Amino acid sequence: MTGSRDAEPKIRAAGMADLHLLVALHARCFDDGAALGEPWDARAIAEILSMPGTFGLLADHCRTPCGLAIVRVTVDEAELLTIGVDPAHRGAGVGSALLWRALAAARSEGAKDMYLEVAESNRAAIALYVKSGFEDCGFRRGYYAARDRIPRSVSAIVMARETRDLSSPGNPGAVSAGSLT
Ligand SMILES: CC(C)(COP(=O)(O)OP(=O)(O)OC[C@H]1O[C@@H](n2cnc3c(N)ncnc32)[C@H](O)[C@@H]1OP(=O)(O)O)[C@@H](O)C(=O)NCCC(=O)NCCS
């Protein structure tokens, strides 16, 4: 882990005006293949952001944009479509801050539960989700095609948690921050 915990991450809403920043950040966050997600290009992110019920979040740490999350709310369910933190800022609470804000914002948009998929080999992300109150609720065999030299596929764990009661000790104060600034 490389980031400093001295500075508090700041989270704000992200939209089409932030498209190029979101693309650059997504590429940095998903560059090493560990997360098993492909970096999304501008067209992909623009299409996702234009889907009804979708919102983006950007994180600043030490005045540097360093993390993103994108969530889609459909009726009373939210899906965490992506979350990532620049490798240079990991371990500083940025991922947690993004996730808690995503939960609070999804709740204020009417979602009762949030779902996500994570590669079963992605230890850092699974630890973040478990710490934030997510529990396993499904398994998708061979969901990800791994991007390394050995052709193989990696299964995904489906995780979920309710959006009510965000008063976990792990929440760094973002509980009430449901509205996006
Ligand atoms: C997963 C990710 C978003 C975590 O971001 P982060 O800012 O480093 O996370 P935080 O600093 O808020 O850490 C919160 C908790 O997550 C867990 N965690 C984070 N990184 C970890 C690691 N490398 N190993 C084990 N646990 C880890 C810990 O429980 C940590 O709490 P602690 O610091 O009190 O021990 C980041 O590693 C990332 O962007 N990974 C690549 C993209 C990705 O995998 N996205 C998820 C796809 S499903």
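This is a predicted model: local features need pLDDT of at least 70, side-chain atom pairs count only at pLDDT 80 or more; totals for chains, interfaces and linings use all residues.
Which residues does Arg28 touch, not counting residues up to four places away in sequence?

**Stop 1: the whole chain.** Start with a cartoon view of everything. Trace the chain along its sequence and the elements follow the pattern β-α-α-β-β-β-α-β-α-β-β. Of the 181 residues in the chain, 36% are buried. Now think about contacts between residues with a separation of 6 or more: 67% of them join residues 24 or more positions apart.

**Stop 2: the sheet.** Next, select the strands. They form an open sheet of 7 strands, in the order β1-β2-β3-β4-β5-β7-β6, and the pairing is mixed. Look at the edges, where β1 (10-14) and β6 (135-145) stand; each has a single partner strand, so one side of each is left without a neighbour in the sheet. Turn the view and compare neighbouring strands: on average they are turned by 25 degrees against each other, direction ignored.

**Stop 3: one pair of strands.** Strands of a sheet pair through backbone hydrogen bonds, either parallel or antiparallel. Select residues 54-61 for strand β2 and residues 64-74 for strand β3; this pair is antiparallel, with 8 bridges.

**Stop 4: helix α3.** Now select residues 94-108. This is helix α3, with 15 residues, and from its first C-alpha to its last it reaches 21 Å, close to the 21 Å expected at 1.5 Å a residue. Is α3 mostly covered or mostly open? It is mostly covered, since 13 of its 15 residues are buried. Show the sheet again and you will see α3 lying across β1, β2, β3, β4 (77-85) and β5 (113-119), at about 30 degrees to β3. Just after α3, click on Gly110, where phi is positive, at about 105 degrees.

**Stop 5: back to Arg28.** Finally, select residues 19-29, helix α1, and find Arg28 within it. Why does Arg28 count as partly exposed? Arg28 has 19 C-beta neighbours inside 10 Å, and a residue needs 20 or more to be buried. Now show Asp86 and Pro87: these are the residues that Arg28 touches, leaving aside those up to four places away in sequence. Before you leave, draw a distance from the C-alpha of Arg28 to the C-alpha of Cys66. The two are 38 residues apart in sequence and 9.2 Å apart in space.

How values were computed: Residues are numbered from 1 along each chain as its sequence is written. Helices (H or I, at least four residues) and strands (E, at least two) are DSSP runs, numbered from the N terminus. A residue is buried if 20 or more other C-beta atoms lie within 10 Å of its own, exposed if 12 or fewer, and partly exposed in between; C-beta atoms are placed from the backbone. Two residues are in contact if their C-beta atoms, placed from the backbone, lie within 7 Å. The expected span of a helix is 1.5 Å times one less than its number of residues. Two strands pair if DSSP finds at least two bridges between them. Axes are lines fitted to C-alpha atoms, for helices over the stretch in contact, and angles run from 0 to 180 degrees between N-to-C directions.
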